[in-house]
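Here is a short briefing on a single protein model. Fold-level totals come first, followed by surface and local sites.

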Amino acid sequence: QGASMREAPVVVLAPLPGEGDLVGLIKTTSPLVRAAPLGASKTSTVLTLGDAAQERAKTGEAALLALTQARQPFDLTLHVNAVPIMAKYGPLMHAGIQAMTPALTMAAAQSPTAPSAQSSAAMLEQMVSELEGLMSFTVGANVIDKDNDSELMLSLLTASADGGGSAGGPVAAPNLAQFVPPGDLRLQWNTRDLKRLTDWYLRLYGGMLGAKPELKAQVDELVADWLKVGRTMETAASVSYDPSKGLVMQGLMRVEDSAAAMAAIRRIVKKFSSGPVHDQYKNLGIELTIKSQPGIRKVKGNPVDRYEYSFQKSADQAAAPPGLKLMLEKLSGLAYEVAQVGPYLVYTIGAPVESVTDGLFAGKGPYPMAAMKNFPGGGTLYLDLDMDGIMRWLKALAPAAQLPIVPARARNISAWSYDGGAVSYQRIVIPLALIKALSYVFR
């Protein structure tokens, strides 16, 4: 509604001479690009889009000069003031979602497994509303040298209008990841307020659940059951794909009431065995059966529950989508074990719980985590990603795909997240050799 690129307040401070060839080349990319020297400097240039942005840059020249002289935490910084952007484009995005209704209705009519147009639109509307709650975000990039190899560290700082609904600050959580064997993906996730987290998910998916009252009632019941475990939760888990065994997962969780958590898991399994949640699989053409074996054995006197999952094609429903069918075939026949050990829940798939409890009973885990070494303490998320293992996953799902060869020295990615309340902070470290290897796929 009258918005144009000429109104975008984009300013780039470039360490380039205004009369140089590179600035001249940049100006040829669009008739909107304006270039002017930064103050009296002959080696720094202010690049803007449109005359209005250029005037604003001239007016704020002193502040821009101060910005260039201040010490910067990043080699490259992108800052976006989201408030005026969403004030202008938010209504357009909402209107665009409403305009998509006929297409969403047609898609829902063509597939019995597709959500209704109303529920899809409601979820998209909620996603836009979440964006409207952002004040700003800043992306920073640094190249760091480590052990004769270079890595790219990307940082993201996000400020929200409501302060994120949390007081923020460091999370005092034990190192659970040390007890969990490494995998293709390994993480520790520390949740300060479990109810706030579930409320966010229910808001996001509320439209889809609202279209299915029976399913919503069962989900609400499951959520209420799980919230009995307490307000805080810390969990560490690793996930791998073994060509001979399939999915392998090992995990450890600490909650305020582990007995309530164990009871909730048993009730959740029963809910998945029948009722609206179970029917969702039937609608996809999948018959889910769960063989429950509570207290099948003990580990150091603690009962171990075992559940065996089977996914079969449903006789009275249309075939599942090929990708989903292949994934469920890989998961079918897996055994899931869970045990309550003091304040902890130990859970595994495709491995015995002893793979976690041995270290737990010893009091010290043998598995250090790279992310905990690379990033500060007090975070809400620590994550290690083994890209060589990820390539095995992709090869299993798409055997004919041409995948890159991941160098041994550049296979690991680590990431971290911190809840500062009004501002959240995320970092990810990626080896440059890995980026180079992945780039060959897109050439």
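Of the contacts (heavy atoms within 4.5 Å) between residues at least 6 apart in sequence, 67% join residues at least 24 apart. The model is predicted: local features need pLDDT of at least 70, side-chain atom pairs count only at pLDDT 80 or more, and totals for chains, interfaces and linings use all residues. Residues are numbered from 1 along each chain as its sequence is written, and side-chain values use heavy atoms, with hydrogens and water left out.

**Overall build**

- The protein has 15 helices and 16 strands. Both are DSSP runs numbered from the N terminus: helices are H or I with at least four residues, strands are E with at least two.
- The C-alpha trace spans about 80 × 55 × 50 Å along its principal axes.
- Of the 443 residues, 38% are buried. Buried means under 20% relative accessible area, exposed means over 50%, and partly exposed lies in between (1.4 Å probe, protein chains only).

**Surface and charge**

- Accessible areas come from the Shrake-Rupley method with a 1.4 Å probe; for residues, only the protein chains shown count as cover.
- The protein carries 42 positive and 39 negative charges, and their mean positions are 3 Å apart. Lys and Arg count as positive, Asp and Glu as negative; His and the chain ends are not counted. Each charge is placed at NZ of Lys, CZ of Arg, CG of Asp or CD of Glu.

**Nonpolar patch**

- I85, Y89, L92, M93 and L131 form a nonpolar surface patch of about 360 Å². Patch residues have over 30% relative accessible area and no salt bridge; nonpolar side chains (Val, Leu, Ile, Met, Phe, Trp, Tyr) are joined within 5 Å, like charges within 9 Å. A salt bridge puts a side-chain nitrogen of Lys or Arg within 4 Å of a carboxyl oxygen of Asp or Glu.
- Helix α4 (residues 82-99) gives the most to this patch, with four residues.
- L131 sits in helix α6 (residues 117-132). L131 is partly exposed, at 36% relative accessible area.

- Q54 belongs to helix α2 (residues 50-59) and is buried, at 17% relative accessible area.
- Beyond residues up to four places away in sequence, Q54 touches R34, A35, A36 and T48.
- S258 is in helix α9 (residues 258-273) and is buried, at 7%.
- Setting aside neighbours within four places in sequence, S258 contacts Q340, G342, P343, Y344 and L345.
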